[in-house]
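Reader: I would like to learn how to read a few local features of a protein model. Please give the general idea each time, then the case at hand.

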Amino acid sequence: MTQKPTVLIVDDESGILDSLRILLKKEGYEVTAAQGGKAGLDQIRGGNFDIVLSDIRMPQVSGLDILAAVREQDPLTPVILMTAQASLQTAIGAVNAGAYYYIQKPFANDELIAILRRASDYRAVRIENKNLKQEIRRRERGGTDSPVGKSRRFIEVLKLAEQVAPTESTVLIQGESGTGKEVLARYIHDHSARVEGPFLSINCGALPENLLESELFGHVKGSFTGAVRDKQGLFSAARGGSFFLDEVGEMPPSLQVKLLRVLQEREAIPVGGTEAVQVDVRIIAATNRDLEEEIRRGTFRSDLFYRLNVIPVQLPPLRERRDDIVLLLESFLQRLALERDDEPKALSADALDAVMVYDWPGNVRELENALEHAVALTPGRTIEPGQLPDRITRRRKEPLVSERSYENPTLDVIERAYIMWVLQAEGGNKTRAAEALGIDPSTLYRKLSRYEQPATGGAPEK
């Protein structure tokens, strides 16, 4: 059974609403009527419609306001404006601003129905065109940029992403390292009205402060040593598209001020420049830090946090979505087979058991890397436990605290347990972990390297 097209009618005259409602229902449309522009805005914010039919001249909230609200909510929804002769010029301007059509009052019923049918076909074609472009881009990227999962928590994340994607709202994706924050950011971009624009990204913690500033905002010739020509910043290069700021919690305070200006004023000033450049991008940020805790520490600006945290999305770690592991395995093994022009390999029962009980502190990224490791070492079709990284198949040590009685643990065992606990608390960030432990990063790296060797001493295993 074909679903009826949904139409929202907005007019301040109840008689017109009633007659249009009766007419469109007879023609097979599912109709929602809103008396006045304010009621129309409430309906638009509450749900999506296939077509919106609105009068232009209404008190307080006009048809142009309705048009702007629809384009922000879902740019693929056609808006038809009804106008009297006196507002004909306004209607023409509205079409230039993005309205699908205008119809002059009084109009014949057959004329309106014909326009609605063309609008419905127009929307269907635009949706199909958008879906085809998304599929082409997905195939060009090897099919690896689509989020994979069926667990309840992950499906909730995807539904939220799909709901906010058509808007222009800033999104802040939070989650541990390796959970797939950039994949989700691309998913939001691919489902947005900016899908035809570029998707650019940068890791805010991967570059020194001066280089990060130049990459983000650009620079003018002569602004510093080596600036031999003007350079366009990524905010400008991403015009019309989306810009993904990964690990935004690592951004230095001086650049946080400049990012705040971009979010507030939609403009950026290049390094060494005096004139602002207009910014037209949808910003999606991500972090593995607790930004509210960073605000309390004084390392992150509260005003910037509130600008970024318009739509917060929390990505669960892989250990909390174990139902998705098998799907992820199949997806990664299929991609690896395509890259190697080979048949997909499969895990043996024992290898699968090892994968399913492992905690995956590095999340989806660690799983992907582990499978690439295993595929490279597997000569046949079946991956055995011996082809997986040792850390996955190594028998887990007993916890230090247990109802069973053990001999007292050695100081090395206690130190190791504490270091690993701090490292996990800092989201795997070794620099911050070393700072919390009060040791040099080089010392921490040496200790972690030693832990990779077979453990000695400590509580005997029983």
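Author: Start with the element names: helices (H or I, at least four residues) and strands (E, at least two) are DSSP runs, numbered from the N terminus. This is a predicted model, in which local features need pLDDT of at least 70 and side-chain atom pairs count only at pLDDT 80 or more, while totals for chains, interfaces and linings use all residues. Residues are numbered from 1 along each chain as its sequence is written, and side-chain values use heavy atoms, with hydrogens and water left out.

Reader: Where is Gln60 found, and what is its phi near?

Author: Most residues other than glycine have a negative phi, and most peptide bonds are trans. Gln60 is found in the loop between β3 and α3, and its phi is positive, near 70 degrees. Trp360, also not a glycine, has a positive phi of about 50 degrees and sits in the loop between α14 (349-357) and α15 (363-377).

Reader: Is Gln60 buried or exposed, and is Trp360 buried or exposed?

Author: Buried means under 20% relative accessible area, exposed over 50%, and partly exposed in between (1.4 Å probe, protein chains only). Gln60 has a relative accessible area of 79%, so Gln60 is exposed. Trp360 is at 1%, so Trp360 counts as buried.

Reader: Which peptide bond is cis?

Author: The bond from Lys105 to Pro106 is cis, with omega near -10 degrees. Pro106 is in the loop between β5 and α5 (109-140).

Reader: What does the side chain of Asp55 make a polar contact with?

Author: A polar contact is a pair of N or O atoms within 3.5 Å; within protein, one must be able to donate a hydrogen and the other to accept it, and residues adjacent in sequence count only if both atoms are side-chain atoms. For Asp55 the partner is the side chain of Lys105, at 3.4 Å. Asp55 lies in strand β3 (residues 51-55) and, at 6% relative accessibility, counts as buried. Contact in the wider sense means heavy atoms within 4.5 Å. Leaving aside residues up to four places away in sequence, Asp55 touches Val10, Asp11, Asp12, Gly63, Met82 and Lys105.

Reader: How many bridges join β3 to β4?

Author: Two strands pair if DSSP finds at least two bridges between them. Four bridges join β3 to β4, and the two run parallel; Ser54 has Leu81 in β4 as its bridge partner. Strand β4 (residues 79-83) is also joined by four bridges to β5 (residues 101-104), again parallel, with Met82 bridged to Ile103. Both faces of β4 are covered: Val79, Leu81 and Thr83 are buried on one side, Ile80 and Met82 on the other.

Reader: How many aromatic pairs does a search of the whole structure find?

Author: Rings of Phe, Tyr and Trp (its six-membered ring) pair if their centres lie within 6.5 Å; planes under 30 degrees apart count as stacked, over 60 as edge-to-face and the rest as tilted. The search finds nine aromatic pairs. In one of them, Phe199 and Phe244, the centres are 6.3 Å apart and the planes at 20 degrees, so the pair is stacked. Both Phe199 and Phe244 are buried. Phe235 and Phe243 are edge-to-face, at 4.9 Å centre to centre and 90 degrees between the planes.
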